[in-house]
Amino acid sequence: MTANAFLSLLQGAGVTLIISLSGIAIGVPLGLVLALVRWRRIPGLSQVAAVYVSLLRSTPAVTLCLLIFFAVPTLGIEIGAWSAGIMTLAFVTAAFNCEVWRAGLLNFPHEQVEAARAFGMTPLLRLRRIIFPQLWRAALPGLVNEATLLIKASPAIAVIGVAEITRAATRIGAQTYEPLPPMLTATGIYVAIILVFVGLQRLTERRYGRGAGA
Amino acid sequence: MMHGFDVVWEHSDRLLWGVLNTIALSIVGAVLAVVFGALVAILLMSPNRLLRLSVQGLVDLMRCVPFLMLVYLVYYGLPHLGIDFDNWTAGLAALALYNTAYMAEILRGIWSGLPRETFEAATAFGYHGPRLYTRIVFPQVFLAAGPMLGNQLIQIIKDTAFLTIIAVPELTQAASGIQAQYFVPFAAFIAAILIYWALCAIVEGGVALIEKVAEARR
């Protein structure tokens with residue numbers, strides 16, 4: 001394997017990180033919204049959120065990625081491979097993040113919510129001032145765990161041609177007729193990235209305690 | 001869009017064939033992973049420190065690798081070693097190998113959480129070797145492992161979708177084939193996703209049922 005090939009693997013690693021982090025940046029708040037909708041039992045929406053979570057948790061990322069990439073253009077919306085990849089990862093991780101946030105909400109001490117209500121705080125103010133500052137600490141280890149799983153699922157988007165690590169490795173393998181060296185190198189890069197996330201998880205667990213439901 | 005579902009319905013035999021392959025891969029892969037996982041769990045609980053730590057290292061390493069990378073490594077690597085597989089067998093081998101690490105970790109976790117008295121009593125009664133494991137240890141481990149094994153089985157079902165990339169004829173591959181031929185992406189992949197949902201719901205229902213039986217035996 002040449003130095004050039006190694007560089008394009010590193011470039012692929014950059015793409016994997018950018019797309020995964022974008023997926024996380026969309027999926028984590030989306031998961032919180034879903035969890036709040038279910039927690040507040042908003043009629044109609046709560047059931048939709050429950051079905052969404054159940055459906056997306058049993059959907060393979062590869063299948064969802066193919067659906068988004070091929071079906072969204074038939075609705076008259078143009079979509080590139082990158083956007084389809086980010087949407088796939090965001091939608092999948094949002095379902096899992098919803099469960100982490102919801103576990104945190106269900107474990108949240110009810111007295112505090114009642115006390116805040118007695119002080120006349122509006123629901124939004126209660127969320128912002130009372131619930132969220134404690135909730136994110138409880139949810140963080142679980143969210144980092146989901147982020148690790150997201151990175152492990154991210155090769156799914158290679159199927160629509162996003163030039164991330166896996167795609168770069170198969171391309172180099174096809175060019176050189178030596179698929180094993182780029183594959184092993186790519187695996188090494190993934191292991192390094194995932195070990196960083198596992199380390200982050202240990203750190204957050206030590207710092208904020210083992211998250212509810214994590 | 002409804003026309004798309006008509007097309008998919010006309011070719012439901014292809015989807016059915018895909019589902020049957022997905023189910024076969026998941027079940028055979030899961031059974032192999034549980035059997036090998038149990039053997040690895042024995043090594044993970046070994047009193048020999050060096051053996052235990054090196055096996056634990058391998059298990060942890062495997063759990064850091066994305067499944068698709070392992071599929072590629074098996075698919076390209078085994079022919080290198082002179083073992084020739086068709087795609088289906090290569091996919092199954094990757095599935096079993098990958099999940100062996102997860103199963104071993106699940107079983108080890110439950111095993112180390114069980115009270116030691118029964119094991120000590122069994123040893124005192126002269127149980128040792130394979131009989132200690134098959135009669136005393138694993139019945140208790142598996143009785144407690146139901147929900148976690150169920151979760152892992154769902155993960156295995158979802159992992160089989162990756163095998164479409166090495167052209168294993170499973171459910172996602174079948175949906176892709178129909179969509180490529182008739183250009184009905186929405187209907188084909190929605191149908192596949194709903195089938196995955198049903199499969200996972202069946203596993204969850206099965207686990208709940210087994211839990212009831214396990215509860216009665218405890």
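Me: Does A:R41 count as buried or exposed, and at what relative accessibility?

Reply: Buried means under 20% relative accessible area, exposed over 50%, and partly exposed in between, with a 1.4 Å probe and protein chains only. A:R41 has 67% relative accessibility and therefore counts as exposed. Before we go on: this is a predicted model, where local features need pLDDT of at least 70, side-chain atom pairs count only at pLDDT 80 or more, and totals for chains, interfaces and linings use all residues. Residues are numbered from 1 along each chain as its sequence is written, chains are lettered from A and ligands numbered from 1 in the order in which they are written, and side-chain values use heavy atoms, leaving out hydrogens and water.

Me: What is the phi of A:R41, and where does A:R41 lie?

Reply: Most residues other than glycine have a negative phi. A:R41 has a positive one, near 50°, and sits in the loop between helix 1 and helix 2 of chain A. Helices here are DSSP runs (H or I, at least four residues), numbered from the N terminus. B:A167 also has a positive phi, near 60°; its place is the loop between helix 7 (129-160) and helix 8 (171-182) of chain B. At 44% relative accessible area, B:A167 is partly exposed.

Me: How do I check the span of helix 2 of chain A?

Reply: The expected span is 1.5 Å times one less than the number of residues. Helix 2 (residues 45-57) has 13 residues and should span 18 Å, which agrees with its end C-alpha atoms, 18 Å apart.

Me: Which residues of that helix are buried, and what covers them?

Reply: Residues three or four places apart in an α-helix point the same way, because there are 3.6 residues a turn. In helix 2 of chain A, the buried ones are A:S46, A:A49, A:V53, A:L55 and A:L56. Their cover includes helix 1 (3-39), helix 3 (61-71) and helix 4 (81-106) of chain A, along with helix 9 (185-217) of chain B.

Me: How many residues does each chain bring to the contact?

Reply: Contact means heavy atoms within 4.5 Å. Chain B brings 35 residues and chain A 34. B:C64, B:M69 and B:W197 supply 20% of the area that chain B buries against chain A, more than any other three residues. Buried area is the accessible area (1.4 Å probe) lost when two parts are put together, summed over both. The two chains bury about 3000 Å² between them, 82% of it on carbon and sulfur atoms.

Me: How many salt bridges cross the interface?

Reply: A salt bridge needs a side-chain nitrogen of Lys or Arg within 4 Å of a carboxyl oxygen of Asp or Glu. The rule finds 0 between chain B and chain A.

Conventions: Helix = DSSP H or I, 4+ residues; strand = E, 2+ residues; numbered from the N terminus.
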